[in-house]
Amino acid sequence: MTAVRAAASAAAGALARSTVAARRAIAAHVYVSEGRDAALLADLAAAGAATGARLANEFADVAYHRAGITLTSVEDGVLEAGVVAVCHEALRRLDLRSHIASHPRLGTVDHVALNPLGEASCEEAGELAARLGRRLGGSRPGPAVPVYLYGAARADGRPLDELRRHLGYFGGARGGEWAGLSEEMAAAIRALAPDFGPREPDPRHGAVVIGAVPWVHNYNILVTGTELSQDDLMARCRRVARAVSSRGGGPPAVQTMALLHERGVEVACNLLDVSRTPPAEVLARVEALCAEEFLTVDSHYFTNKRPDEVLVLATPP
């Protein structure tokens, strides 16, 4: 009877521990400069999942020639191994010199964003981001790349948008497209010392930004215009994007870009805090601004799952 009680007690303890663990996880979004080779992207996702990390989401955009792979785990070490595996495979197989896209990027692995889920803290996510940065900056067996940290991965909490401006992320496009590593971007990378890795970017790989922040909702709104030239449509959409952004006097916790897409221009939004500015408010603001510019909102969508959905997926089977 004592043995039975002990076994029951041990089982209850294990269940309690697993329940607590399931309420705490970290998500990692790895953004790579490839959006058209489905087989290659499947290999990248498989490399991450082979480490035991859970594959929570895959999103590829052909026009942007860009993809996001979301991994998650209740174990930080497992997630670290998964992210490193995806990044190493991407650095091994992708070449920025042949990459042309209508979305800005710094490297073949452009961005690794970590978000705490459930009871996890931003500080914990920041510590993991810093470990990832150290490994990719001194990458073995893969190539080392300049790594720039942001958010909770740095003591000063440097914001991502500020870091990107310093690195020339928003400049260097020609005709609405980025081709290879532009000289403007390469010069900006050289001018800002990385947190890890070489100062000189390899044109095959570029650089990567890695950081930790609360969940960011990536929300894209496709805008079209009748009988407008591409330049005119882009100019109008840039005015819309600027006006809806916090930086341009719009609602709080909203960052935007206007980017060429397949059937028009997307107002690409980073919603930093949907409790302050929900997506419906952003959409209504864009629709009103588009009406003033004689433009039409064609469609809108999110590129990832909700954080509560990802937390469920992090739970071990």
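## A first look

Which residue in β12 is the bridge partner of Val223? It's Val297. That pair is a handy way into this structure, which is a predicted model.

The chain splits into domain 1, covering 24–214, and domain 2, covering 217–302.

Strand β9 spans residues 217–224 and pairs with β12 in the antiparallel sense, over six bridges. Both belong to an open sheet of four strands, ordered β10-β11-β9-β12, with antiparallel pairing. At its edges sit β10 (254–261) and β12 (296–302), each of which pairs on one side only. Ignoring direction, neighbouring strands here are turned by 20 degrees against each other on average.

## The six-stranded sheet

There's also an open sheet of six strands, running β2-β3-β1-β5-β8-β6, and its pairing is mixed. The edge places go to β2 (54–61) and β6; each has a single partner strand, so one side of each has no neighbour in the sheet. From one strand to the next, the twist averages 15 degrees.

Look at the β6 end: β6 pairs with β8 in the parallel sense over five bridges, and Leu149 stands opposite Ile210 in β8. Helix α2 packs on the sheet, where it touches β1, β2 and β3, and its direction makes about 15 degrees with that of β3.

## What's packed inside

The largest nonpolar core has 39 residues, and the ones touching the most other members are Val83, Val112, Leu114 and Ile210. Several helices and strands supply at least two residues each, among them β1 (24–32), α4 (122–137) and β8 (208–212). The largest share, eight residues, comes from α3.

A second, separate core holds 23 residues, including Cys237, Cys269, Val282 and Leu295.

## Where the domains meet

How far apart are the C-alpha centres of domain 1 and domain 2? They lie 25 Å apart. Across the boundary, 16 residues of domain 1 are in contact with twelve residues of domain 2.

Between them the two domains bury about 1100 Å², with carbon and sulfur atoms giving 54% of that area. On the domain 1 side, Ala63, Tyr64 and Arg165 supply 35% of the area it buries against domain 2, which is more than any other three residues.

Key
Residues numbered from 1 in each chain as written. Predicted model: local features only at pLDDT ≥ 70, side-chain atom pairs only at ≥ 80, totals over all residues. Heavy atoms only, no water. Pairing = 2+ DSSP bridges. Axes fitted to C-alpha atoms, helices over the stretch in contact; angles between N-to-C directions. Core = buried A, V, L, I, M, F, W, Y, C linked by side-chain atoms within 4.5 Å. Buried < 20%, exposed > 50% of the residue type's maximum accessible area, 1.4 Å probe, protein only. Domains from an automatic or database assignment. Contact = heavy atoms within 4.5 Å. Buried area = accessible area lost by both parts, 1.4 Å probe.
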